[in-house]
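User: Can you walk me through this model? Start with the fold, then some side chains.

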Amino acid sequence: MESRISFVDSQTLTPKSDLSVGKILVSSRELAWDGVYLEKGENEEFTPDNVTVPQHYFAMNTGSAIEWEWQDGNRFKTHRYETGDLWVNPAGMPFSHRIQGYNQFVLLTLEPAKLTELLSNQPWVERQVFRRQHQAKDRHLQALMQALLIEAEMGGPNGRLYADTLTTAIATHFVNHYSLEHPGELAQLQPLER
């Protein structure tokens, strides 16, 4: 099964059809999930160069520890990703990285419009800027992604409401922990309608 995640050239925004994340073992493509998409897979290497994803993009290492190189300016830095470590990349943020050798992963994308829809009582969300996080040891996000993965592996027996609830939890956690400014500070600047 091929990945359905849209990797695009960060300069031209044209699809990078030659980029493969590897073999996809589980996917939420057949489920009626709205604004969130999940894949579990494996590969021998993954070397995207100057690409981006139009959605907020989360990658979790589900296999043995791996070395993950990522481009920072003109040079690459290396992190060791243990099982469960995450990489969080906001929508549209360009990246290049190198993962060599067998690895297992779960990828999740969250549509920016879904984020705004789910948190419509917080009007500042659509203007919020998020930060990239390398080697995140985020147990909340890990558990939420694992719960969605189990649901996808079982064929979605709990239905859309269950997936929507987990998506809302992921969106809330993302806003609360990966925003460049603390939501409470922004809420004080932009009073919420009551």
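Analyst: The chain has four helices and 10 strands. Those are DSSP runs, H or I of at least four residues for helices and E of at least two for strands, numbered from the N terminus. This is a predicted model, where local features need pLDDT of at least 70, side-chain atom pairs count only at pLDDT 80 or more, and totals for chains, interfaces and linings use all residues. Residues are numbered from 1 along each chain as its sequence is written, and side-chain values use heavy atoms, leaving out hydrogens and water.

User: What order do the elements run in, from the N terminus on?

Analyst: β-β-β-β-β-β-β-β-β-α-β-α-α-α.

User: Aromatics next. How many pairs does the count come to?

Analyst: The count is 10 aromatic pairs. Rings of Phe, Tyr and Trp (its six-membered ring) pair if their centres lie within 6.5 Å; planes under 30 degrees apart are stacked, over 60 edge-to-face, the rest tilted.

User: What about F7 and Y57?

Analyst: Their ring centres are 5.7 Å apart with planes at 85°, so the pair is edge-to-face. F7 lies in the segment before β1 (8–9) and Y57 in strand β5, so the pair ties together parts 50 residues apart in sequence.

User: Is F7 buried or exposed?

Analyst: F7 is buried, with a relative accessible area of 6%. Buried means under 20%, exposed over 50%, partly exposed in between (1.4 Å probe, protein chains only). Y57 is buried too, at 2%.

User: Which residues form the aromatic cluster?

Analyst: F7, F46, Y57, W68, Y81, W87 and F95 form one cluster.
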